[in-house]
Amino acid sequence: MLNLANAARVALGAAIVAAASVLAAGQASAQAAYVPGIWVDPDGCEHWVMDDGWEGYMSPHTNRQGIPVCRRGNTCAVMNSDQLFATDSYRIHAQGQQMLAQFFRSAGATSYIIAGHTDSRASDEYNMRLSINRANSVARVAQGVGARIADVRGYGERIPKASNGTHAGMAVNRRVEIICIR
Amino acid sequence: MNISKIALLAVLGLGLAACDEFGDKKDKTVDRFVDAKDLSQLKAGIWIDPNGCDHWIIDDGIEGYLSARLDPYGKPVCSGAGAPNTAIGPFNKGTSIPDPI
């Protein structure tokens, strides 16, 4: 056992010397090449990943606007607002309530993020308010059937999916997105 | 942890250092040595931070990785899948190397 303990001390000493020389090497080269690989998370989104021998590094791959770069999305439903609400209203009619309840009963996710969007008619401020109110209405239906809500947001007219220059485009932009967190 | 485990760890560490640092590991996208693989193979679990928000956590034996879980809008995902300050899922299942620490 004494020999082993001595061996341990020698090995530890050697490791410390090795670590010190690695540190010195790191300081000597100011601009080292660090080309990352890509790891795709279970949601389908990319992360920068590097293995430096001892250490591992990872960070989300986002574009310059902070939007994650993903190979597939986890938006599991886009509800057209016209099918749930009357114009300017955030009250969901009975048929819409049933359809949503059925969806949340069968979707089976751990939790949900609800994001409301509008077209560009009316003011930005009004649309921000309308979209969060509509998203909250959808979230209430979800909670009514026992679904867990991770977050509720209103993005107003700020993230259009289609052109607001046409009626068809505006209809596409009026929507409530449901993101399934699994 | 007893002396022999410390010795093993120190020797293993030295071995890795000799392989990677002294050999100037140029390709940061692969894990070398015993459990060599492309880094895209890593298996993640979820670590829940003190605010209740999710991070991907990977314990790959020697290396550890942590990266934020983001929704399509770039906001943190706070799924409520576990209590804050806990980790869930297969975060240390991606390697055959046992974690000595």
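Me: Which residue follows helix H2(A), and is its phi positive or negative?

Reply: Helices (H or I, at least four residues) and strands (E, at least two) are DSSP runs, numbered from the N terminus. H2(A) is followed by Gly108(A), whose phi is positive, near 70°. This is a predicted model, in which local features need pLDDT of at least 70, side-chain atom pairs count only at pLDDT 80 or more, and totals for chains, interfaces and linings use all residues. Residues are numbered from 1 along each chain as its sequence is written, while chains are lettered from A and ligands numbered from 1 in the order in which they are written.

Me: What span should the 14 residues of H2(A) have?

Reply: The expected span is 1.5 Å times one less than the number of residues. For H2(A), residues 94–107, that gives 20 Å, and the end C-alpha atoms are 20 Å apart, which agrees.

Me: In what order do the four strands of the open sheet stand?

Reply: Two strands pair if DSSP finds at least two bridges between them. In chain A the order is E4-E7-E5-E6, with mixed pairing. E4 (75–80) and E6 (149–154) of chain A are the edge strands, each having a single partner, so one side of each is left without a neighbour in the sheet. E4(A) pairs with E7(A), residues 175–181, in the antiparallel sense over five bridges, and Asn80(A) stands opposite Arg175(A).

Me: Which residue takes a positive phi in the hairpin of E1(A) and E2(A)?

Reply: Gly44(A) does, near 95°, in a hairpin with five residues between the strands. E1 (37–40) and E2 (46–51) of chain A run antiparallel, joined by four bridges, with Trp39(A) opposite His47(A).
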